[in-house]
Amino acid sequence: MTDQSATVLQERGRRQSLQLLGVLCGFTAGAWLGAAEAPTKLVSIGVSPIVISLIMVVGVFLARWSLPALVLGTSSVRADVHRAPHLIIWALLAGCLWAVANTLTIFAIRDIGLSIAFPLWNSNSLLGIFWGFLFFNELRQAGWRRWAGVLGGAMVMCVGATILAIASAGQSSSGHSMNGMWAALGAGVLWGTMYIPYRKAYLTGMNPLSFVTFFTFGELGMMSALAFSYIGAAPLWHELTQTRNVVFWLMLGGFIWVIGDLFQQYAAKYVGISRGIPLSNTNQFWGLLWGILVFGELHGKTQATYLQVIGGSLLMMLGVAAISLSSATGEEQQYWKEAAQRESARYGVAEEFVAARFEGRQAAGEIVPRRTAVDWLLVAIATSILAGFALIARVPQFSFRWGPALALTIVSLLLLFVCGRKLWRTTGFH
Amino acid sequence: MPTDQTSRGWLVSIFTDIHFWVPAAVLLAGLLLLRFIH
């Protein structure tokens, strides 16, 4: 075997390994994003949804700074920002998009109920496929089988999600159904478009751990602005003090959500947004598992409801399988590389750095990130704040099944361990 | 750290990039929609 053919084989093996990693990250993201719903189910007080969302975002903020500090250290974040400072603007923009979309979903659920709202905003995966194709050369030269796998898989998942939403949702209607429809569609468009900055950042070589630390400023800033403008400072403060006993559960939900989101970011990096978004959208399936098995949400429902849940779950799994088996070919990845080179030339980021990060490795001469005292301080502050609220948290009286909760926790931790280990061994979290 | 000139350089690159204006326009539309339905 010549050196050239050995190199080609090595490159192909690396590409396949990164694709597999991306699929695994998408699947793990779904499990953790779904698990994040569990702590919030413990909160059943009469508080404004915007306040609940704001408290969760504060938990998200703590996690988005402490987890990257713990995994790679903030020196890695500083180095990334030094290389590609323009990505701060993209991260802030993505965070603002997320906050507005999240607020719109609250209004959508209030006005038309989850069963109608969810499929409408879940269309974000179809929009993500469109943006990925249009702006980032995804699915170019992919062949009809891969197109059918990705597009068909995403559509089958949307149908499955619709059935699950119908099975799980209690209908609610406030007489503003058109507003609710617009809100749900708007949330889908905002979330689908949010992936443009994601992909932009990862094609230019930014580490997902660095991206989320700035993303969260946009998220928290926009969410606070919305809460102040819609509720007002004094009523907001009053509601926040009223909720102090449940702040821990909401922040914990936010913290768990960030773990899922980190894997979603890595999925967007290694399989692109057209495949990464539908895979992480399996969170609805996991959320429903927690709801049914742990909180007994469908207890006493008809057999038809259970059949809907089984059918919807099977369709979601079918969609996941179709997308997972449609990984990008070498030809398609060549187009991704061209998109990355375009970004590198436009923003003056070193080509070697972009190419190295594209392949999930460190660039030559790049300093190995190390944790410093600042990182441990950040971790300590975040832990103390969570522990402080945990001390005053009230455990609500709730129907809770420990066996299934333990089983789902073990599965989630197992996925975290397997995927985290593979990420570390394949890319060193780059 | 980047100098003022390089900062201006990447700011110009962002503001002349269609990829920036699509999410920015969608964000603006989302805020208007939120104001309308609230």
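Colleague: Which residues does A:Val320 touch, not counting residues up to four places away in sequence?

Modeller: A:Val320 touches A:Phe27, A:Leu279 and A:Thr282. Two residues are in contact if their C-beta atoms, placed from the backbone, lie within 7 Å. This is a predicted model, in which local features need pLDDT of at least 70 and side-chain atom pairs count only at pLDDT 80 or more, while totals for chains, interfaces and linings use all residues. Residues are numbered from 1 along each chain as its sequence is written, and chains are lettered from A and ligands numbered from 1 in the order in which they are written.

Colleague: Where is A:Val320 placed in chain A?

Modeller: A:Val320 is in helix α15, residues 303–324. Helices (H or I, at least four residues) and strands (E, at least two) are DSSP runs, numbered from the N terminus.

Colleague: Is A:Val320 buried or exposed?

Modeller: A:Val320 counts as buried because it has 23 C-beta neighbours inside 10 Å. A residue is buried if 20 or more other C-beta atoms lie within 10 Å of its own, exposed if 12 or fewer, and partly exposed in between, with C-beta atoms placed from the backbone.

Colleague: Let us turn to helix packing. At what angle do α3 and α18 of chain A pack?

Modeller: Helix α3 (residues 49–71) and helix α18 (residues 373–392) of chain A pack at about 140°, and their axes are 8 Å apart. Axes are lines fitted to C-alpha atoms, for helices over the stretch in contact, and angles run from 0 to 180 degrees between N-to-C directions. α3(A) and α18(A) are therefore oblique to each other; angles under 35 degrees count as roughly parallel, over 145 as roughly antiparallel, 65 to 115 as roughly perpendicular and the rest as oblique.

Colleague: Which residues make that contact between α3(A) and α18(A)?

Modeller: On α3(A) they include A:Leu62, A:Trp65 and A:Leu70, and on α18(A) they include A:Asp375, A:Leu378 and A:Ile385. By class, the contact has nine nonpolar, one polar and one charged residues. Ala, Val, Leu, Ile, Met, Phe, Trp, Tyr, Cys and Pro count as nonpolar, Asp, Glu, Lys and Arg as charged, and the others, Gly among them, as polar.

Colleague: And what is the angle between α10(A) and α11(A)?

Modeller: Helix α10 (residues 208–231) and helix α11 (residues 233–242) of chain A pack at about 110°, with axes 7 Å apart. α10(A) and α11(A) are therefore roughly perpendicular to each other. A:Ala227, A:Phe228 and A:Ile231 of α10(A) meet A:Ala233, A:Pro235 and A:Leu236 of α11(A). That contact has six nonpolar, no polar and no charged residues.

Colleague: Stepping back, how many helices and strands does chain A have?

Modeller: Chain A has 19 helices and zero strands. Of its 430 residues, 54% count as buried. Its C-alpha trace spans about 70 × 50 × 40 Å along the principal axes.

Colleague: And chain B, how many helices there?

Modeller: Chain B has two helices and zero strands. Of the 38 residues of chain B, 18% count as buried.

Colleague: How many residues of chain A are in contact with chain B?

Modeller: 26 residues of chain A are in contact with 18 residues of chain B. On the chain A side, α5 (87–112), α9 (177–203) and α16 (330–347) each supply at least two residues. α9(A) gives the most, with 10 residues. By class, that side of chain A has 18 nonpolar, six polar and two charged residues.
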